[in-house]
Amino acid sequence: MKHICKLAVLLLMAVGCLMIPLSGCSRQGVYTTSYFDTFDTVLTVTLAAPGHETASAWSADIHDIAADLHKQFSVYEDFPETVNLKTVNDSAGKDNPITVSEDIMALLSLGRSIYEKSGGKVNIMLGAVLRQWHEAREDGDRLPNEETLKNALTSHAFMDSLVMNEALGTVYLSDPASSLDVGAIAKGYVLEKIRLYANEQGISSMLVNFGGQVMAIGRHPDGDPWTVAIRDPRDGSVLDTVAVENAVVTTSADDQRAYTVDGKAYHHIIYPETGYPSSLHRSVTVILPLSFTLESDGLSTALFLSDQDEIPEMLKEYDGASALWMNADGTVQTYHWPH
Ligand code: AMP
Ligand code: MG
């Protein structure tokens with residue numbers, strides 16, 4: 001029963017912002033709040049607190065962290081008095097270094113590091129390619145123009161076009177047709193900031209579900225590890241459940257932001273050598289110790305773009321990592337490092 005209650009928390013979907021004390025189902029003092037207004041996804045915070053007021057304050061602060069980073073990292077929207085990634089993209093080619101926040105600088109450095117670690121598979125300079133997929137998906141019934149897509153891929157997706165001056169805190173894109181897209185890495189950055197906040201506040205038992213990326217701090221207050229459900233990308237059912245504590249569980253999957261053209265499904269994770277959705281796996285979940293929270297998001301995207309022989313190699317830098325992935329034929333494999 002306890003497990004069913006905790007699973008229910010994870011699968012909870014509600015409308016608007018909710019704060020639900022789970023006293024009927026678990027111990028008193030466990031509160032769940034969901035927010036629907038950042039990063040185009042749901043942020044659900046479940047935490048143990050001494051009372052409703054503390055729980056509200058902590059949850060509100062966590063939401064503020066996500067909301068602030070949402071504004072800074074947006075490539076689609078302008079916000080008053082905010083220099084964000086759209087500002088950087090809009091100034092591409094103007095040879096005009098833009099002073100950006102520490103968060104933006106740190107996120108772009110993370111992007112560079114994941115580019116290197118993944119051998120270029122995760123490339124935050126793929127914006128010109130990803131934008132075409134985004135627009136085609138919004139239209140819903142077409143694919144990007146093949147020639148335009150290839151041109152963006154071969155001529156306007158170079159990491160070298162991202163010019164960063166860390167000492168001055170400035171950034172610009174030297175190629176006018178290039179742009180940034182941080183969709184593969186941004187949620188890990190947000191979770192890391194939430195983790196640091198939880199440390200500061202002494203929050204010892206918390207589960208944050210941010211668009212399918214789950215960060216589990218401590219254990220459930222009843223003393224058991226948290227139970228996290230992994231979705232089957234084929235039908236949305238539960239493929240597996242994992243019991244975790246002090247870990248981050250991150251999934252990249254082909255059923256997210258997917259659409260169908262002429263009976264064929266196209267999803268949002270693009271193989272950088274072809275410019276088309278990768279067909280290596282249906283989904284990849286990686287479970288990492290909390291110390292790797294920052295990199296967790298980029299790593300799951302990198303693993304999604306890696307074949308099964310490359311996955312163990314990639315995990316070697318992440319002691320204590322486990323990966324579970326579904327291949328294109330529906331078979332499921334797991335790997336733990338150290339092996
Ligand atoms: P995730 O769900 O974390 O695996 O990230 C998927 C998102 O990353 C997509 O929606 C795109 O915004 C972006 N993306 C897709 N393919 C790539 C790629 N090869 N390199 C960098 N970002 C990508
Ligand atoms: Mg990712």
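Below are my questions, each with a reply.

Me: Before we start, what kind of model is this, and how is it numbered?
Reply: Residues are numbered from 1 along each chain as its sequence is written, while chains are lettered from A and ligands numbered from 1 in the order in which they are written. Side-chain values use heavy atoms, leaving out hydrogens and water, local features need pLDDT of at least 70, side-chain atom pairs count only at pLDDT 80 or more, totals for chains, interfaces and linings use all residues, and the model is predicted.

Me: Which residues coordinate the magnesium ion (ligand 2)?
Reply: Donors are N, O and S atoms within 2.8 Å of the metal (3.2 Å for Na, K and Ca), and sites may look incomplete because water is not among the atoms. Along the chain, the donors here follow the spacing A-x112-D-x3-T. At 2.0 to 2.4 Å, the ion is coordinated by A184 (O), D297 (O), D297 (OD) and T301 (OG1).

Me: Where do D297 and T301 lie, and are they buried or exposed?
Reply: Helices (H or I, at least four residues) and strands (E, at least two) are DSSP runs, numbered from the N terminus. Both residues lie in helix α8 (residues 293–304), four residues apart, about one turn of the helix. Buried means under 20% relative accessible area, exposed over 50%, and partly exposed in between (1.4 Å probe, protein chains only). With relative accessible areas of 3% for D297 and 8% for T301, D297 is buried and T301 is buried.

Me: What is the distance from an oxygen atom of ligand 1 to an N or O atom in the side chain of T301?
Reply: The shell of ligand 1 has 15 residues, and T301 is among the closest, as is D297. An oxygen atom of the ligand is 2.9 Å from a side-chain N or O atom of D181, and for D297 the distance is 2.8 Å. For T301 it is 2.7 Å.

Me: What contact does the side chain of Q213 make with the side chain of D297?
Reply: Q213 sits in strand β8 (residues 213–217), and it is buried, with a relative accessible area of 3%. A polar contact is a pair of N or O atoms within 3.5 Å; within protein, one must be able to donate a hydrogen and the other to accept it, and residues adjacent in sequence count only if both atoms are side-chain atoms. Between the side chains of Q213 and D297 there is a polar contact (3.0 Å).

Me: How many bridges join β3 to strand β7?
Reply: Two strands pair if DSSP finds at least two bridges between them. Strand β3 (residues 41–48) is mostly covered, with seven of its eight residues buried, and seven bridges join it to the antiparallel strand β2 (residues 30–38). With β7 (residues 206–210), where F210 is the bridge partner of L43, β3 also runs antiparallel, and the number of bridges is five.

Me: Which strands stand at the edges of the open sheet of three strands?
Reply: The order in this sheet is β4-β6-β5, with antiparallel pairing. Each edge strand has a single partner strand, so one side of each is left without a neighbour in the sheet; these strands are β4 (98–99) and β5 (162–165).

Terms used:
A residue is near a molecule or strand if one of its heavy atoms lies within 4 Å of it.
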